[in-house]
Amino acid sequence: IRRPPRSTPKPSSAASDVYKRQQRTIASKIEQTNNATRDRSRDVIAYGLALAHCEGNCEDISVTSLARIVEEVEDAMSEKWKDLGKEYKAKLRQLAFNMKDPKNPDLRRAIAKREIDATTLIDLSSEELGSDERRAANQSIREHAEAEAVRGQRKEASTTAFKCGKCGQRACTFYQLQTRSADEPMTTFVTCVNCENRWRFC
């Protein structure tokens, strides 16, 4: 059975070895915290910056500077989630996923070049961290879901209460949707049965 190709390909074994060597080089410059959880997190973040360095996105930045960025990001995380619990680990997974995404070099470069500071970085949502391609896919999913929701709400009724401004007939169908905030009136969508002219009003 042929399996479909992965949407996000993994790096080749040779490339992965290069990244890991660069990660170890960065890690050798990182100050250890003597906390196993925090030190593992720093290794994970270092891998993302190793990718950026190997991609040529930050060759002008020293390994020592990259190590300082790793420390700043993890320090910000441990300061915000002092218990190093579920939220801390969830943020680490989120960062790791997006920093390792082959289609997201812009994020790695922005972190390596300090275009995003550590405090801002850890407050970014998963979508904000994602690649342009992933954000576009998420937007498409949202639009489809909204269209399906509207379709489920639409209950058309016939009426003679509205007069078509185009043909003057009163044979119309209409439906109503809450398109604004809950304390605002519903929007009425009207279609003329005779000429298919459409209009709406609140």
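Rings of Phe, Tyr and Trp (its six-membered ring) are taken as a pair if their centres lie within 6.5 Å; planes under 30 degrees apart count as stacked, and planes over 60 degrees apart as edge-to-face. In this predicted model, that rule gives three aromatic pairs.

**Aromatic pairs**

Two of the pairs are set out here with their geometry.

| Pair | Centre to centre | Angle between planes | Class |
|---|---|---|---|
| Phe162 and Phe174 | 5.6 Å | 80° | edge-to-face |
| Tyr175 and Phe189 | 5.0 Å | 10° | stacked |

Phenylalanine 162 sits in the loop between β1 (157-159) and β2 (172-177), while phenylalanine 174 belongs to strand β2, so their pairing ties together parts that are 12 residues apart in sequence. The angle of 80° between these two rings is over the 60 degrees required for edge-to-face.

For tyrosine 175 and phenylalanine 189, the planes are at 10°, so this pair is stacked. Tyrosine 175 lies in strand β2 and phenylalanine 189 in strand β3 (residues 187-192); the pair links distant parts of the chain, 14 residues apart. Tyrosine 175 and phenylalanine 189 are both buried.

Ring pairs also join Phe162, Phe174 and Phe201 into a cluster.

**Chain layout**

The protein chain contains eight helices and four strands. Along the sequence the order is α-α-α-α-α-α-α-α-β-β-β-β. Of the 202 residues in the chain, 35% are buried. The accessible surface is about 12,800 Å², and carbon and sulfur atoms account for 48% of that area. Among contacts in the chain with a separation of 6 or more, 53% are between residues 24 or more positions apart.

In soluble globular proteins, nonpolar side chains tend to be buried together. The largest nonpolar core in this model has 33 residues, and those with the most contacts inside it are Ile26, Leu49, Val73, Met77 and Leu121. Two or more residues of this core come from each of α1 (13-27), α2 (36-54), α3 (63-80), α4 (86-100), α5 (105-112) and α6 (118-123). Helix α3 gives the largest share, eight residues.

Which residues does isoleucine 26 touch, not counting those up to four places away in sequence? They are Ala46, Leu49, Ala50, Val63, Leu66, Ala67 and Val70. One of these, Leu49, is also listed among the core residues with the most contacts inside the core.

Definitions and conventions:
Residues are numbered from 1 along each chain as its sequence is written. This is a predicted model: local features need pLDDT of at least 70, side-chain atom pairs count only at pLDDT 80 or more; totals for chains, interfaces and linings use all residues. Side-chain values use heavy atoms; hydrogens and water are left out. Buried means under 20% relative accessible area, exposed over 50%, partly exposed in between (1.4 Å probe, protein chains only). Contact means heavy atoms within 4.5 Å. Accessible areas come from the Shrake-Rupley method with a 1.4 Å probe; for residues, only the protein chains shown count as cover. A nonpolar core is a set of buried Ala, Val, Leu, Ile, Met, Phe, Trp, Tyr and Cys residues joined through side-chain atoms within 4.5 Å.
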